[in-house]
Amino acid sequence: MKHITRVILISLSTIIFVMLLIILRLYLIRGYDLTLQKKHMRSLEDYYDDQYQMIDENTFLNFDVTNNDLNLNEIQYLASHNSYKKKGPAIGKFFVGLGDSFDEANALKYGYKNFTDQLESGIRSFEIDIRYRKDTFELTHVPLVDPSSQAVNFELLLDELMLFSTNQEHHIPIIILVEIKTDWMMLDPSLQDIKTDELKLLDEILKDKLKDRLFSPSDMVSDQEILRDKIMTEGWPSVSELLNKFIFILHPGTFEQIYYEIDENLQSQSMFIGSSYQEEYPSYASFFVHNDVDINVIKSLVDDQFMVRTRIDSNLVFSIDRYQDAMSSGAQILTTDFSIARSDLDDIDVIYLENDKTIIQKDET
């Protein structure tokens, strides 16, 4: 009996020790990725100083970038999904499988190139997930179990985007969908809640880092105008007016109303406020996130001159029918996990919009 008890205790101790080592390794990923990000930024500074040759933006377009008659809502972007995400360790996905499902774990088996490589491949629209830790905003998918990131530190990412923008003349406006996440915080106790003060801090960081390259709601409307009505009657500015600009959109959800209440005239916010579809549009309506490819709903929003983001695919399942429906719906931001931005796909496996372009003028037929 003593022998059996001893064996059980040794086995349990071994299991606990191994689990602690695994958890420690997963926690260390963040620090390792942050070190890589800082190294990447140092290499970019040398790259732009010594080697950079400006890319012809028209390489990625089926229209003339200087066309003054083409409005923002009249073009379509091929966008990357969870654009910061690296594939990450298999053990983390195993834990996801245990805690959720192995289908969900398998859907996490993808990763992206760094943002500069994506930009140089013609990607001009991104999606990022933001979390908050010790006065710092970070990009990570799921704490601990799927944490690997090309851009751990949000401010360093903005520096990277600005380096590209200041060295690449006449680039198409770069659109970034920001999803603020507070789920699974129990997996990383150093993560903090995000409230009004943190949202204001996020606004200030965007303004400080991007300066006059940031296109905000106040650039569209005065404090006497309603953004929804301005868009429905006058539409969006032309693409040529928005060259070299960044447009950030807050993903609809938990923080939509809180962010709006910071300034209901939209003169303070750095980001446009994303909306989910509803029959009565909110006064701040500008961008809609409608991930299901419902052609009728999306077309109704597009006809009212709103910008719409939908997903060409989900859970690493690609369907040509869904792809074609998304294209024909008129949604301007077409998000996929199968673009040239992926780090783990061969060129023959990636998709484009028409004629191998990543930004196109919408087909109005």
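Gln305 is placed in the loop between helix 9 (295–303) and strand 8 (307–311), where helices (H or I, at least four residues) and strands (E, at least two) are DSSP runs numbered from the N terminus. The structure is a predicted model, in which local features need pLDDT of at least 70 and side-chain atom pairs count only at pLDDT 80 or more, while totals for chains, interfaces and linings use all residues. Residues are numbered from 1 along each chain as its sequence is written, and side-chain values use heavy atoms, with hydrogens and water left out.

Gln305 has a positive phi of about 75° although it is not a glycine. Most residues other than glycine have a negative phi. Asn244 is likewise not a glycine and has a positive phi of about 65°. Asn244 belongs to the loop between helix 7 (227–234) and strand 5 (246–250). With a relative accessible area of 18%, Asn244 is buried; buried means under 20% relative accessible area, exposed means over 50%, and partly exposed lies in between (1.4 Å probe, protein chains only).

A positive phi near 50° is also taken by Lys134, in the hairpin of strand 2 and strand 3, which has 2 residues between the strands. Strand 2 (residues 125–133) and strand 3 (residues 136–139) pair in the antiparallel sense over 4 bridges; two strands pair if DSSP finds at least two bridges between them. Within this pairing, Ile130 has Leu139 of strand 3 as its bridge partner.

In helix 6 (residues 196–210) lies Leu199, which counts as buried at 0% relative accessibility. The C-alpha atoms of Leu199 and Tyr259 are separated by 6.9 Å, although the two residues are 60 residues apart along the chain.

A search of the whole structure finds 16 salt bridges, a salt bridge being a side-chain nitrogen of Lys or Arg within 4 Å of a carboxyl oxygen of Asp or Glu. Lys85 forms a salt bridge with Asp146, and the closest N and O atoms are 3.5 Å apart. Lys85 lies in the loop between strand 1 (75–80) and helix 2 (90–99), and Asp146 in the loop between strand 3 and helix 5 (154–167), so the pair ties together parts that are 61 residues apart in sequence. Both Lys85 and Asp146 are buried.

Arg228 and Asp229 meet through their side chains in a salt bridge of 2.9 Å, N to O. Asp229 is partly exposed, with a relative accessible area of 32%. A further salt bridge joins Arg311 and Asp337, whose closest N and O atoms are 3.8 Å apart. This pair links distant parts of the chain, with Arg311 in strand 8 and Asp337 in the loop between strand 9 (333–336) and strand 10 (359–361), 26 residues apart. Arg311 counts as buried at 14% relative accessibility, and Asp337 counts as buried at 1%.

Glu45, Asp46, Asp49 and Asp50 form a negative surface patch. Patches are made of residues with over 30% relative accessible area and no salt bridge, and like charges are joined within 9 Å. Asp46 is placed in helix 1 (residues 2–50) and is partly exposed, with a relative accessible area of 46%.

Terms used
Patches are made of residues with over 30% relative accessible area and no salt bridge: like charges are joined within 9 Å, nonpolar side chains (Val, Leu, Ile, Met, Phe, Trp, Tyr) within 5 Å. Accessible areas come from the Shrake-Rupley method with a 1.4 Å probe; for residues, only the protein chains shown count as cover. Lys and Arg count as positive and Asp and Glu as negative; His and the chain ends are not counted. The place of a charge is taken as NZ of Lys, CZ of Arg, CG of Asp or CD of Glu.
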